[in-house]
Amino acid sequence: MVTAAALACRRLCKAFTSGNRVTQALDDIDLTVAPGRIAGLIGPDGAGKTTLMRLAAGLLRADAGELRVLDLDVSREPLAVQSAIGYMPQRFGLYEDLSVQENLDLYADLQGVPVAERGERYAELMRLVGLARFAARLAGRLSGGMKQKLGLACTLVRPPRLLLLDEPTVGVDPVSRRELWAIVQRLVREQGVSVLLSTAYLDEAERCDEVILLHQGRLLGQGTPASFSEPLAGRCHLANAPAIPKRRLQMRLAALPAVADAIIQGERVRVVTHAAGPPDLSELDAGPAGVEIRPVAPNFEDAFITRLQAERAEATPNPPLPGAHAMAGPGGAAVIRVDRLERRFGAFYAVRDVSFEVRRGEIFGLLGANGAGKSTTFRMLCGLLPASGGRLEVAGHDLRRAAAQARGRIGYMAQRFSLYANLTVAQNLRFFASAYGLVQRRRQERIRWALDGFDLERYADMASGDLPLGYKQRLAMAAALMHEPDILFLDEPTSGVDPLARREFWHRINRLAEQGVTVLVTTHFMDEANYCDRLVIMADGEVLAQGTPAETKARFRDAERPDPTMEDAFIALIEQRAQAAGEPP
Amino acid sequence: MSARRGGASMRLRGMVRKESLQILRDPSSIAIAFVMPVLLLLLFGYGVSLDAQHIPLAVVIERPDANSAGFAAVFEQSEYFSPRRLASIQEAEQALRERQVDGLVWLRGDFSRRLLAAGDAPVGVILNGVDANQARIAQGYIQGAWQRWLQAYAALQGRELTLPVAMEQRVWFNPALRSRNFLVPGLVAVIMTLIGALLTALVVAREWERGTMEALMVTPIRIGELLLGKLLPYFVLGMGGMLLSVAMARWQFGVPLNGSFWLLLLTSALFMLVALGMGLLISTVARNQFVAGQIAILVTFLPAFILSGFIFDIGSMPAPVQFITHVVPARYFVAILQTLFLAGDVWPVVLGNAAALLLMMLIFFAVLGRKARKSLE
């Protein structure tokens, strides 16, 4: 058994220079990771998680300080360290044109696994990750979850003493995510492997033995997940008002001065107050039924958000909202009609038999893992991709005949924020204003609206490529709203954005929907689905379920799960489908 | 120590096998390694010719008679010209303007009279100089035709043509002056640059793009093994391209190989290493395929095309450009290739150029050894 620390660093510093900007990726970090446990590296984008991983793997050299991995000095003996660790980068280096078996063979060769031992090791790994049936398949033709599992198998081909996993579960469907965690936990339990894992999913922090919290290159804290949430005892509550919709309740609660954080959790609103005790609800106009509020145990996310809010004094959790349309709430008319929509790429169905309707002022969600067909559906709805079959109607226009008219009524925010990185914020706004045909006074007004409403004024002259991710998202959204569209399409708008920015984003979306803008959003964050009025869950191009979040979850309520989450519902749906198809998921 | 060496050979074998499988499965590698060379060979073998043949020429004879007809017949018999008889100079000038002909030859009405009387009959020649090269060749040919006619005319008159100095021309190594004979061997250098520098730089950049490089680097592989693992398969591929080109040159285009095949193989291997050195050096700088491709084309492929003497004669370049050609490795290899194919084993030429290649190879690999690190920075 290893007794020395799995990883220890003292006064570790690392900076990156690009142009004349210096970014301090890691600033004076002192920490020790105990062996034989799972340590979680948590922090928003740009916290320094990946830099720390790469330093530990000997891929980068520290500017100052000491870093020892498994009691070896990384800067002196990088090869010795690399022979003892397993490292899975964010995008693991699978060779997509090699088969599963060939990928394994390559890493076995590189890691010096003796040929005689391979048969047994491969069998063991395949059992662990469940890919035995796919040994001959090209890695490029595996699903996202399977690729990630193969990446893990390649990393484990020679049993490592320390496993470094950089965001292993990003973009992976909930089923595979759960399986990956089971694999990692088994490795620790049965083989005493030490694991350092970074993640953007805050619920995963609870599964770690220890959490290391990083923010902008500095260490904010280290301890068990409970040690972070304990100080918040008595400050967390779940609220429910029968008379008002949950989104409106959330907005009103968030506006209270005593409230630090309010988010939708299932069918209720989770509230964290600045001081112990429930918030004063006397000012809340909640109708005759009032607000039911009950205390709950704090979780890591509560702790994380309050910690980060303290760090980021400038962040405004309740931003002033840009005045858009002065329209009424959800109306009855369907503004989007999709009927038996189909999209083929050769013999492959990216989207098959998808039907739904979206009413005005609704927030409608498309939920599914990467590759489920969400983005393809979206592109067809925006008229960017012709449908192979079925009917599509957006804002009363048949997209087959009048795509241009329909497009004038919609705003679209693409997955990777299609902004011009080397134009400044103001230049981007001016460009999009002209692209939407706004001129003179109207153009000036809308640009002013965007700069004020999205708090972009102080960044107006900064190249948009240099903006913090949350601000890039704001700018992209402002650009999509430039021409005051009736319908807003958001493709994975919160992917890679830190939890604070995600909260702010949903706050804006809520307000837009209140004003009568119809919002369609795709996401792979299951908890975000609860913000939607209605949603469809997709897998392999087909719709598995459709309805309100409450209805969808209620289908899977049983004795074992009296209050199922959206993730439970999603996993159950996938399993049902797999059973029907007669194969394991 | 032997266990360690065993590990190294296992790692190297793994890399080479992976690289070979990737080459075989990737259509773009196949395209660059096999399709492009064949296309280039066919293009330069059949399509591009620097010889002037069948130059369209207008011949204007204002008063046809025996003498002027004899003069015009010289052009008709020559394979270099496709003459067209036109009635007037105006018509001929019009045809030249409309680019129906590349030049015109004009015998005035008094041609025969002055020839017989004073022996100073002028022949008017106008050439289209837009393509200067073509015009110069046409000029030379017309002069040649004129001289031949003079000789024939003199013989007819029963007297020797008396010129103070007579030129006795003999063309060595490529007696037929077929441009294909020097273009096709030179193409071998271009093709090997394509595989060694462009393809190699692209595949390494692709590893960076797809994140596979990061995963490779954390394995216990040494940087030397990693580079060697890349180098070996592409060396074989490049030599394959070379053999393919030589075979096509020999049997498809009938270019003679007068020198030793083994010497050709040896010098090609040397040049292949230089090209691979360039490709790997580019890959240490460029981390995406677009940049890698641009750099490779700009600093290896285009110079090999333009500055190597493959098409354009280095001796007729301006001095500063000539100076630059000294750092273009293909220049030395093209010289070796053209010598081996057409002249034979001319040792001073082969050895001198091979020494330059060897020096370049040593420099590239020394820089590579210093620059390549198992690091993401």
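Me: What makes residues of chain B count as being in contact with chain A, and how many are there?
Reply: In this predicted model, 26 residues of chain B are in contact with 25 residues of chain A. The test is that the C-beta atoms of two residues lie within 7 Å, so these residues have passed it. Helix α1(B) gives the most to that side of chain B, with 9 residues. Both α1 (2-25) and α8 (212-217) of chain B supply at least two residues each.

Me: How do you know what kinds of residue make up the side of chain B that touches chain A?
Reply: Sort them by type and you get 10 nonpolar, 7 polar and 9 charged. Asp, Glu, Lys and Arg are the ones that count as charged.

Me: What makes a set of residues a nonpolar core, and which residues have the most contacts inside the largest one?
Reply: The members must be buried, of nonpolar types such as Leu or Phe, and joined through C-beta atoms within 7 Å. The largest core has 250 residues, and those with the most contacts inside it are Leu164(A), Phe489(A), Val519(A), Ala189(B) and Ala201(B). Helix α7 (residues 179-209) of chain B gives the most to this core, with 19 residues. A second, separate core of 21 residues includes Ile55(B) and Val59(B).

Me: How do you know that β12(A) pairs with β13(A)?
Reply: Pairing takes at least two bridges, and 6 bridges join β12(A) to β13 (residues 268-273) of chain A, so the two strands pair. One of the bridges has Ile264(A) with Val269(A) as its partner.

Me: Why are β12 and β14 of chain A said to stand at the edges?
Reply: The open sheet has the order β12-β13-β11-β14 in chain A, with antiparallel pairing. Both β12 (259-265) and β14 (292-295) of chain A have a single partner strand, so one side of each is left without a neighbour in the sheet. From one strand to the next, the twist averages 25 degrees.

Note on methods
Residues are numbered from 1 along each chain as its sequence is written. Chains are lettered from A and ligands numbered from 1 in the order in which they are written. This is a predicted model: local features need pLDDT of at least 70, side-chain atom pairs count only at pLDDT 80 or more; totals for chains, interfaces and linings use all residues. A residue is buried if 20 or more other C-beta atoms lie within 10 Å of its own, exposed if 12 or fewer, and partly exposed in between; C-beta atoms are placed from the backbone. Helices (H or I, at least four residues) and strands (E, at least two) are DSSP runs, numbered from the N terminus. Axes are lines fitted to C-alpha atoms, for helices over the stretch in contact, and angles run from 0 to 180 degrees between N-to-C directions.
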